[in-house]
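Let's walk through this model together, starting with the whole and then stopping at a few places in the chain. Keep the view open as you read.

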Amino acid sequence: MVYLDNAATTKPSAAVCSAVMSGLENFGNPSSLHKAGLNAELSVSRSREIIASALGCTPEEIFFTSGATESNNTAIFGAYKAQGKRRKRVVTTTVEHPAVARPVDELEKLGCEVVRISPDENGKFSARDIFSAVNGDTFLVSCMLVNNETGAVLPVEKAFSMIKKKYPEVITHCDCVQGFMKLPVKTKKLCADMLSVSGHKIYAPKGIGALYVRKGLHIPPFMLGGGQEKGFRSGTESVPLICGFGAAVEELMYNISENLEKMRELEKYLFEKCAENGEISVNYAEDKSPYVNSISVKDLKSEVLLHFLEERGVYVSSGSACSKGKKSGVLQEFRIPAQNLDTTIRVSFSVLSSKEDVDRLIEGIEEAQKKLARLKP
Ligand code: PLP
């Protein structure tokens, strides 16, 4: 299998599987006062320390969640509960993942004024545009770091630092799912008050994520119950998943630059192969993460090509996995030409991806170009 759908999810590494297993064996409830509970609590603390150290924050600022969807919902509704009664404006972008976009739509229904910033005519975001949308009535700015459909890197650090200088009370939140452990992400450098990450995009299991909440920022809890995670996120901690998450971060955190270098080479190789073919266009080529690539094959419908490639053992996605074949408004926002929207596939790499994988993909596409019916202009 040539798996090139790593922005959707990744294959857990051997170290992750063994950490999950040890978390299953270490089966005590972290809240129990006996030794079995203490051992489970120690392994949760160890993972929290690893993730905090990777993000350059303190363990007390990391809260485990069921994934980035929960982290984003907690951050957005939490910011509203904390400050949304006094101030009304929320600033975000038009290219956010639904796990940010839908909660923000909900805030709009609750009476907030939402300003959604678009990229310019070249598909690029300006930090100044994001900053300029913020005013004294703003309580939240939520902006993703890496777009999950194009790989575009948004100017979060610049925008958030400008915002924080002029409006220190505005809460800044970053959905970092596609940037975490792929780009060097540090909470302080990013000027983020809250930051969402997910395990399954970085070789950890599905169903585990975390939310960073800056010390001193008071956000009411989203999940109420037994008071776990210092009362911020109730529910018995999933010790096996948390152990797996910690192991995944530990494996990656010292190799971010090295892996990034490898991915840049692979991206370059992919783009060269697309250019050689002549009928494969790269939809978004600059200021991006090399892990996520959006390409279009002239006149070949995405879903048809996806299944053709699948039969040859090559797995890609059409747009974003979360949009399940729905036409992507996000690609239009990035000014991807109209004729490419129906023919876009997303090729997303993992640290295991290789040039041979790219060769198999291109061979598959070239076979499809010979055999499959083309879209009518
Ligand atoms: N945010 C982004 C940018 C994503 O790519 C995803 C998943 O595709 C999510 C949020 C949701 O993450 P999770 O699956 O952990 O809920």
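**A guided tour of the model**

Of the 377 residues in the protein, 58% are buried, where buried means under 20% relative accessible area, exposed means over 50% and partly exposed lies in between, with a 1.4 Å probe and protein chains only. Before going further, note that this is a predicted model, in which local features need pLDDT of at least 70 and side-chain atom pairs count only at pLDDT 80 or more, while totals for chains, interfaces and linings use all residues. Residues are numbered from 1 along each chain as its sequence is written, and side-chain values use heavy atoms, with hydrogens and water left out.

The secondary structure comes to 13 helices and 12 strands; these are DSSP runs numbered from the N terminus, with helices being H or I of at least four residues and strands being E of at least two. The protein is as compact as a globular protein of its length, because its radius of gyration of 21 Å is close to the 21 Å that the globule rule gives for 377 residues. That radius is taken over C-alpha atoms, and the rule is 2.2 Å times the number of residues to the power 0.38. Along the principal axes, the C-alpha trace spans about 65 × 50 × 35 Å. Among contacts with a separation of 6 or more, 74% join residues 24 or more positions apart, a contact being heavy atoms within 4.5 Å.

Now find helix 4, residues 98-109. Its 12 residues reach 16 Å from the first C-alpha to the last, close to the 16 Å expected at 1.5 Å a residue; the expected span is 1.5 Å times one less than the number of residues. Which residues of helix 4 are buried? They are Ala99, Val100, Ala101, Pro103, Val104 and Leu107. These buried residues pack against helix 3 (68-83), strand 3 (89-93), strand 4 (113-117), strand 5 (138-142) and strand 6 (171-175). After helix 4 comes Gly111, with a positive phi near 110°.

Asn135 sits in the loop between helix 5 (127-132) and strand 5. With a relative accessible area of 25%, Asn135 is partly exposed. Leaving aside neighbours within four places in sequence, Asn135 is in contact with Arg89 and Tyr167. Asn135 and Tyr167 are 32 residues apart in sequence, and their C-alpha atoms are 7.9 Å apart in space.

Further along, look at the open sheet of 3 strands, in the order 9-10-12 with antiparallel pairing. Strand 9 and strand 12 (344-348) stand at the edges with a single partner strand each, so one side of each has no neighbour in the sheet. Strand 9 and strand 10 pair over 3 bridges in the antiparallel sense, and two strands count as paired if DSSP finds at least two bridges between them. Val282 has Ile295 of strand 10 as its bridge partner.

Finally, a word on backbone angles. Most residues other than glycine have a negative phi. Asp287, in the loop between strand 9 (280-282) and strand 10 (292-297), has a positive phi near 50°. Glu229 also has a positive phi, of about 50°, although it is not a glycine. Glu229 lies in the loop between strand 8 (209-213) and helix 8 (239-252). Are these two residues buried or exposed? Glu229 counts as buried because its relative accessibility is 8%, whereas Asp287 is exposed, with a relative accessible area of 51%.
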